[in-house]
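Please look at the sequence and the model first, then read the points grouped by topic below.

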Amino acid sequence: MAATKYSHPFLRGLKPVPEGYESELQEIREWMKTQPHLPYISDEYLYLFMHSNFFKVKETKDTIESYFTLRANTPDLFTNRDPLLPKNKTILDITHMVALPKPTAENYNLLLYRLADTDYSKLNFADAVRVFCMFNDVKLSEDGLSDGYVVIFDMKGCSLGHLTRLTLPALRAFMHYIQNAHPCRLRKIHVVNTVSFINQVMCIVKPLIYSNLINLLNFSSEGPASVVDLELLPEDYGGPQPSVKQLHEEQRRNMENNYREWLTESEMFKVDEKKRVKKPSKGMFASFTSSFKSLDID
């Protein structure tokens with residue numbers, strides 16, 4: 001693999017480095033040497049995977065395998081990661097993706113996602129998944145090894161028209177990424193201002209849930225103040241923090257100005273299927289590996 005300018009996955013490096021896990025790190029590093037299809041990655045990358053799995057070796061290996069395979073086999077989601085590309089700018093125009101300034105009482109980072117423009121005809125779902133993953137990569141870089149994340153999806157403004165914009169291949173990839181590949185400690189997902197057709201949404205999504213993700217979901221017909229402390233929320237929701245729009249614009253500029261080259265370079269971190277010694281023999285990951293080669297993502 002070509003030399004990289006940046007130390008992934010942390011733009012400014014990982015500080016402090018976890019202590020007391022040298023044997024686990026070495027075991028995973030030795031395992032990776034027997035997997036020629038995997039890219040060479042820094043110890044910082046390994047610590048991110050280890051931390052997200054509470055330093056369990058087997059689970060860490062599974063996440064590494066899923067992460068880099070997904071990035072290779074779904075190129076429409078994990079290439080073209082320049083935030084200034086027109087299709088990525090469109091998603092950043094019509095959505096708000098923000099990290100809220102203050103953590104929860106448990107020291108979990110708070111993320112909030114919502115529509116900024118409710119015109120469903122502007123939404124390309126695969127593009128939205130791509131930018132969502134870009135935003136989350138930036139947050140992982142900035143937060144280091146976070147104790148956990150609490151996510152708020154505000155459905156206000158969502159319509160049945162938005163539901164028609166879903167594409168199954170991109171949705172499957174997104175659900176696989178969240179459950180198997182995203183290297184973070186996901187603590188809770190609050191879906192607020194739920195819409196009247198939430199049952200139709202869950203009929204589509206639920207068959208794709210095969211982990212404890214279902215236990216993390218919480219639905220509320222009210223706003224974010226019904227699920228987190230008011231003092232943590234932006235002024236849009238009655239809290240003391242800056243508005244969602246202001247936070248979004250600041251974090252978008254950060255992505256565009258500071259992370260543009262970093263995000264583009266990260267496209268090279270993926271498996272090389274030609275070098276895979278042994279195909280997965282069974283299970284969800286085996287079907288995922290083979291099926292995504294033949295899928296077109298809109």
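**Salt bridges, sheet and confidence**

The count of salt bridges comes to 16, where a salt bridge is a side-chain nitrogen of Lys or Arg within 4 Å of a carboxyl oxygen of Asp or Glu. This is a predicted model, in which local features need pLDDT of at least 70 and side-chain atom pairs count only at pLDDT 80 or more, while totals for chains, interfaces and linings use all residues. Residues are numbered from 1 along each chain as its sequence is written, and side-chain values use heavy atoms, with hydrogens and water left out.

**Salt bridges**

- Side chains of opposite charge can pair when their charged atoms come close.
- Asp-93 and Arg-252 form a salt bridge through their side chains, at 2.7 Å from N to O.
- This pair links distant parts of the chain, 159 residues apart: Asp-93 lies in helix α5 (residues 86-94) and Arg-252 in helix α11 (residues 244-258). Helices (H or I, at least four residues) and strands (E, at least two) are DSSP runs, numbered from the N terminus.
- Asp-93 is partly exposed, with a relative accessible area of 47%, whereas Arg-252 is buried at 15%. Buried means under 20% relative accessible area, exposed means over 50%, and partly exposed lies in between (1.4 Å probe, protein chains only).
- A salt bridge also joins the side chains of Arg-130 and Asp-127, at 3.0 Å from N to O.
- Both Arg-130 and Asp-127 belong to helix α6 (residues 125-143), where they are three residues apart, about one turn of the helix. Arg-130 and Asp-127 are both buried.
- The side chains of Lys-139 and Glu-142 meet in a salt bridge of 3.7 Å, N to O.
- Lys-139 and Glu-142 are three residues apart in helix α6, so about one helical turn separates them. Lys-139 counts as buried at 10% relative accessibility, while Glu-142 is partly exposed at 35%.

- Five strands make up an open sheet with mixed pairing, in the order β1-β2-β3-β4-β5. Two strands pair if DSSP finds at least two bridges between them.
- β1 (95-99) and β5 (217-219) are the edge strands, each pairing on one side only.
- From one strand to the next, the twist averages 15°. Axes are lines fitted to C-alpha atoms, for helices over the stretch in contact, and angles run from 0 to 180 degrees between N-to-C directions.
- β1 pairs with strand β2 (residues 109-115) in the antiparallel sense, over five bridges.
- Ala-99 stands opposite Leu-111 in β2, and Met-97 has Tyr-113 in β2 as its bridge partner.
- β2 is mostly covered, with six of its seven residues buried.
- The pairing of β2 with strand β3 (residues 149-154) is parallel and runs over six bridges. Arg-114 has Asp-154 in β3 as its bridge partner.
- From β2 the chain crosses through α6 to β3 in a right-handed β-α-β crossover; right-handed means that, with the strands pointing away from the viewer, the path from the first strand over the helix to the second runs clockwise.

**Confidence**

- The chain has an average pLDDT of 91, and 92% of the residues score at least 70. pLDDT is the predictor's confidence in each residue, from 0 to 100.
- Over residues 281-298 pLDDT stays under 50, and the model has 39 contacts for them beyond four places in sequence; contact means heavy atoms within 4.5 Å.
- Where pLDDT is low, the predicted coordinates should not be read in detail.
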